[in-house]
Amino acid sequence: MDDVRVFGPVVYELSLADAIAQGLLARYQVVVAELVDPVVTPARLYSEKR
């Protein structure tokens, strides 16, 4: 959406932090799940036989 010829000029810009502060967006959290598989090890992923 950076192509002004296709989408037109930016009319208004609002940062994520400002949108949250104004109550337009809910606060968010990033949740990362780490899965451990005894068969799929880093050594096996980066080996020649992957």
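Charge first: the chain carries 5 positive and 7 negative side chains, and the centres of those two sets sit 12 Å apart. In that count, Lys and Arg are the positives and Asp and Glu the negatives, with His and the chain ends not counted. Each charge is placed at NZ of Lys, CZ of Arg, CG of Asp or CD of Glu.

A word on what we're looking at: this is a predicted model, where local features need pLDDT of at least 70, side-chain atom pairs count only at pLDDT 80 or more, and totals for chains, interfaces and linings use all residues. Residues are numbered from 1 along each chain as its sequence is written, and side-chain values use heavy atoms, with hydrogens and water left out.

Side chains of opposite charge can pair when their charged atoms come close. Searching the whole structure turns up 1 salt bridge (a side-chain nitrogen of Lys or Arg within 4 Å of a carboxyl oxygen of Asp or Glu). The partners are Asp-3 and Arg-5, whose closest N and O atoms are 3.3 Å apart. Asp-3 is partly exposed at 29% relative accessible area, while Arg-5 is exposed at 77%. Here buried means under 20% relative accessible area, exposed over 50%, and partly exposed in between (1.4 Å probe, protein chains only).

As for the fold, there are 3 helices and 0 strands, running α-α-α along the sequence. The radius of gyration is 22 Å, well over the 10 Å that the globule rule gives for 50 residues, so the chain is more spread out than a compact globule. That radius is taken over C-alpha atoms, and the rule is 2.2 Å times the number of residues to the power 0.38. Helices (H or I, at least four residues) and strands (E, at least two) are DSSP runs, numbered from the N terminus. Along the principal axes, the C-alpha atoms fill a box of roughly 55 × 30 × 10 Å.

The chain exposes about 5,500 Å², with carbon and sulfur atoms supplying 58% of that (Shrake-Rupley method, 1.4 Å probe; for residues, only the protein chains shown count as cover).

| Residue | Location | Relative accessible area |
|---|---|---|
| Tyr-12 | loop between helix 1 (4–7) and helix 2 (16–21) | 63% |
| Ala-21 | helix 2 | 68% |
| Leu-35 | loop between helix 2 and helix 3 (42–45) | 79% |

Ala-21 and Gly-8 are 13 residues apart along the chain, with 28 Å between their C-alpha atoms. Leu-35 and Leu-16, 19 residues apart in sequence, are 30 Å apart in space, C-alpha to C-alpha.
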